[in-house]
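Subject: Structure for you to look at

Hi,

Here is the model we talked about. Please open it beside this note; what I found follows below.

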Amino acid sequence: MLIAVLMLVSLMVGPAGLSPRTALAALLTGDGAPGIIVREIRLPRTLLAALIGATLGLSGAALQGLLRNPLAEPALFGAPQAAAAAASFVIAFGFVPATSLGAPVAGIFGALLSVGGLILIAGRRASLTVILLAGLALASFAGAVTALILNLAPNPFIALEVAFWLLGSLEDRSIEHLVIAAPFLLASWIILGLTARSFRVLALGEDAAASLGIVLVRTRLMVVIGVALGVGSAVAVAGSIGFVGLVAPHLVRRFVQSDPTRVMLPAALTGTALLLAADIAVRSVPSANELKVGVVTALIGVPVFLAMILNERRTEGTES
Amino acid sequence: MSAPVILRADDTSVSLGGRSIVERARVKLRRGELAVLVGPNGAGKTTLIRALAGLLPADGKISLDDKPLTSFSPRERARRIAYLPQGNVFHWPMPVETVIALGRYPHGDPFGTPTDEDRRAVRAALKATGTEGLAKRIVTTLSGGERARVALARALATQAPVLLVDEPTVSLDPRHQLVVMEVLRDAARSGCAVLAVLHDLSLAARFANHVLLMQEGRVVTQGEVKEVLTEQRIADVFGISTHMLDLDGTRVPIPQWPL
């Protein structure tokens, strides 16, 4: 419900303000200037925000379930950083302009490469510690590569363009972006959905979960691949959008009695709502340059998150 | 005394990281019997019980219902062997009844809708462990004794014919130690094959039908309590002197001094 309203608002808001009725009519008929604005510009943007928000929320919830740690977040395995590095590379060296489709394609390729690397390094029977350390190493490496690209960029304008792209934005995304990213996002939803039931069992620890029939290696691989596909392709089309993956599961956890399986769907919906709201906020704040949505999610997300942590510490003495 | 053997290990060895931890262990678990595994720290008790649970690759033959343990799928195995590791870990503040229902996971359909049988099993497990009153409580807010009973209830809820528990009485007050041992004995009496790793020799002597004594990776002796838990054996394996106390006709060893 909230999401439907947010999606409608997202269609209305922009340089040319539209009333709810005009926006809906334009969406349905596609007539006139409003029709073009809504269908060509705002609809792809809104749908992307919804899909990416859901993917971030779902990935965060899955990782927190796998690691049994509420602090886990999608950037942990290095896929978003790798996607960012690959996309920066193609933009910086002029293979493609920042707004073209080349960047997302390169980004998805980068994310897949990092997952492949991770699996190769970690091997088939890796412990969680090895996977995490390898992911951390890949993330740092990809971060360094991005920095190097900025460093070596042929001219300052391009460096600036890359830097802005990295901040994360849904501006000027077309239906083609959606078409490129959607299969990977949907694949990640399916993969993560298949692992969802294991998370509740993993609450008992890995040994007990294994004794109840969970195949740990398979569960870990599926989560790593699912998160990398989803978040990697999200970063590839929209740049890095922080904090949604970390915060979304937290916001809804208390409503499902901390059940790490049941939290998945609400976390995805919350992610959608958060990103739609942030993207609306970005367009509503008057400024010369449109604000970047990645900036807004972190700026708003961090204080909200800190408030929640303080609140939690006061109300319940949970131990791990 | 020859109830059917359900889980059996013949000359089972386990190596971890190139080091041999368990060597040529022979174990037979029978329905209706509470077996207790004792031995000093580092003797390989936990490794052996994990191998019996199918969680570690082991050399030699472990068979369940006369079929190799490795021939069962993880879910089939999980329906037949319930395993409770040390430490009663609960990572999320979930309600007790949700935690106990996890014992039904290997029986469930892919969507996890509980059946009447699942609900009956959870109720029976709550009753057996005296945790009915805790069902709605949040598991991370419970005391150590309550957590131990909830963890045990989770393992019982599977209603597996084999129950393996690793140090279920550690860090419990004396009353809870006895309560937990009674729950295990009742499970055995209702037809389960139970194996418990224990450190408390007096509890072992009082509750076990069968005792296995481990030292440096080997099961050095096993049999009835009065044959295994003798002053001489305990001195050899644990390096302590014991005082033997007669309690309702059972000779119960009380640790005295290190030798």
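In chain B, 4 strands make an open sheet, ordered β2-β1-β4-β5, with antiparallel pairing. The edges are β2 (19-30) and β5 (67-68) of chain B; each has a single partner strand, so one side of each is left without a neighbour in the sheet. Strands pair here if DSSP finds at least two bridges between them. Helices (H or I, at least four residues) and strands (E, at least two) are DSSP runs, numbered from the N terminus.

This is a predicted model: local features need pLDDT of at least 70, side-chain atom pairs count only at pLDDT 80 or more, and totals for chains, interfaces and linings use all residues. Residues are numbered from 1 along each chain as its sequence is written, while chains are lettered from A and ligands numbered from 1 in the order in which they are written.

Inside the sheet, β1 (residues 5-16) and β4 (residues 59-64) of chain B run antiparallel and are joined by 5 bridges. B:Leu7 sits opposite B:Leu64 in β4(B).

Next, the helix α1 (residues 45-52) of chain B. Of its 8 residues, 8 are buried, so the helix is largely enclosed by the rest of the structure. Among them are B:Leu48, B:Ile49 and B:Arg50. Buried means 20 or more other C-beta atoms within 10 Å of the residue's own, with C-beta atoms placed from the backbone. Just after α1(B), B:Gly54 has a positive phi of about 80 degrees.

Last, the chain contacts. 20 residues of chain B are in contact with 21 residues of chain A (C-beta atoms, placed from the backbone, within 7 Å). Helix α2 (residues 74-80) of chain B gives the largest share of the chain B side, 3 residues.

Best wishes

Notes: Buried ≥ 20, exposed ≤ 12 C-beta atoms within 10 Å, placed from the backbone. Contact = placed C-beta atoms within 7 Å.
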